[in-house]
Amino acid sequence: MKKEDPLSRKKSICFADLADLDLICSEQGMKFDIARWCGEKADTLNLTGTLNLSYNGSVFVKAGLGYMLTFDKLVNTDSESGLCFRPLEPVLETKMYVIWKKYQVFTPIAELLLNELKEQLSGRTGE
């Protein structure tokens, strides 16, 4: 959301806060994650747009076209961005997976990314 939005003063956002807002979300997120978070009430939310890239959604939010439901850290929310992130309450967690073909040949940069992901995630349990 925009930093100057009244909702930005809250530490977290609950379902009632979203009731009459124009929402932007990935189609998959709305269908599975948000529906899991708020159950049958998901149909009452005002989904005005879907996206595949959170950056594109951030452009819409800056233009005042709605509020975006997305993962934390996918959009620039630094002091100059004009945007802020607030988590949902109750907390909504989603498992993420990185999948690739068994014998995939990667470009050098993709190989670096995969190695970095493996290193960062190697110490975590249950992954």
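An open sheet of 3 strands has the order S2-S1-S3 with parallel pairing, where two strands pair if DSSP finds at least two bridges between them. Strands (E, at least two residues) and helices (H or I, at least four) are DSSP runs numbered from the N terminus. This is a predicted model, in which local features need pLDDT of at least 70, side-chain atom pairs count only at pLDDT 80 or more, and totals for chains, interfaces and linings use all residues. Residues are numbered from 1 along each chain as its sequence is written, and side-chain values use heavy atoms, without hydrogens and water.

- Strand S2 (46-50) and S3 are the edge strands, each pairing on one side only.
- From one strand to the next, the twist averages 40°.
- S1 and S3 run parallel and are joined by 3 bridges.
- Leu23 stands opposite Tyr67 in S3.

**Helices on the sheet**
- H2 lies across S1, S2 and S3 and runs at about 100° to S1; axes are lines fitted to C-alpha atoms, for helices over the stretch in contact, and angles run from 0 to 180 degrees between N-to-C directions.
- Helix H3 (residues 54-62) packs on the sheet and touches S1 and S3, contact being heavy atoms within 4.5 Å.
- The direction of H3 makes about 160° with that of S3.

**Nonpolar cores**
- Leu18, Ile34 and Leu69 touch the most other members of the largest nonpolar core, which has 18 residues; such a core is a set of buried Ala, Val, Leu, Ile, Met, Phe, Trp, Tyr and Cys residues joined through side-chain atoms within 4.5 Å, and buried means under 20% relative accessible area (1.4 Å probe, protein chains only).
- H2 gives the largest share of this core, 4 residues.

Terms used: Buried means under 20% relative accessible area, exposed over 50%, partly exposed in between (1.4 Å probe, protein chains only).
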